[in-house]
Amino acid sequence: MSEPLLTVADSLKDRARAALGSRNLVLVGLMGAGKSSVGRIVASQLGIPFIDSDHEIERVSRMTIAELFAAYGEEEFRALEMRVMKRLLKGGPRVVSTGGGAFINDRTRRHIKKGGLSIWLKADLDVLWERVNKRDTRPLLKTENPKQTLENLMNARYPIYAQADLTVLSRDVRKEIMADEVLKAVVEQKESAAS
């Protein structure tokens, strides 16, 4: 008599990978929320590729994000970002971290909703500020009062980020803990959709 096949995945990683299926996992949220650092860990745990959309934009344009903003302005940058995201989401599964403004663009948001499962990494102002004030590479924060600018971005963008399929609270804990919480959210979403 043969052994019955094990159909229930026993680890969180296996359960999350099964729940994701062929969909992309798209991380959205403000700068400093942890989309890239947590995304890399999640992709590694799931055994699928990780793509940072900002890095991909820089690769195809041969310019940095700051240079693109300076040369072409935010509107042209968002159009390029939308085209890159549309291309990235055609394949899968993979983990894609987006730039902070990607999900705000209606067309990009539609591509994300069609091409994957979106997770908003939601963080409060103090957590974000602690993470972003150390680097001078954020074009939107090159203002007289960058912390106030960040708060204004939160106020404008959080209602739109809330349209993501799932929300995970990004806080001051190890990235591995955040990655596990993302995996749990994927599993719970699949299980609640099945019931």
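Buried here means under 20% relative accessible area. The legends below describe a predicted model.

**View 1. Strand β1 and its cover.** Strand β1 spans residues 24-28 and is mostly covered. Five of its five residues are buried. In a regular strand, side chains alternate between the two faces of the sheet. Here Asn24, Val26 and Val28 point one way, while Leu25 and Leu27 point the other way. Both sets are buried.

**View 2. Strand β1 beside strand β4.** Strand β4 covers residues 116-122. It pairs with β1 in the parallel sense, over five bridges. Within this pairing, Ser118 of β4 is the bridge partner of Val26.

**View 3. Strand β1 beside strand β3.** Strand β3 takes in residues 95-97. Three bridges join it to β1, and the two strands run parallel. Leu25 stands opposite Val95 of β3.

**View 4. The largest pocket at its centre.** Rolling a probe the size of a water molecule over the atoms shows where empty space is left. The largest pocket holds about 950 Å³ of space. Its lining counts 41 residues. Nearest the centre lie Met31, Gly32, Ser36, Arg135 and Arg138.

**View 5. The lining of the largest pocket.** Elements that give two or more residues to this lining are α2 (35-46), α3 (53-61), α4 (65-88), α6 (125-132) and α8 (175-194). Helix α4 supplies the largest share, six residues. By class, the lining residues divide into 16 charged, 13 polar and 12 nonpolar.

Technical notes: Residues are numbered from 1 along each chain as its sequence is written. This is a predicted model: local features need pLDDT of at least 70, side-chain atom pairs count only at pLDDT 80 or more; totals for chains, interfaces and linings use all residues. Side-chain values use heavy atoms; hydrogens and water are left out. On a 1 Å grid over the protein atoms alone, a cavity is a set of points where a 1.4 Å probe fits but cannot get out, and a pocket is an open set with protein on both sides within 12 Å along at least five of seven lines; lining residues have an atom within 4 Å of a point. Grid points are joined across faces, edges and corners, and a volume is the space filled by probe spheres set on the points. Helices (H or I, at least four residues) and strands (E, at least two) are DSSP runs, numbered from the N terminus. Ala, Val, Leu, Ile, Met, Phe, Trp, Tyr, Cys and Pro count as nonpolar, Asp, Glu, Lys and Arg as charged, and the others, Gly among them, as polar. Buried means under 20% relative accessible area, exposed over 50%, partly exposed in between (1.4 Å probe, protein chains only). Two strands pair if DSSP finds at least two bridges between them.
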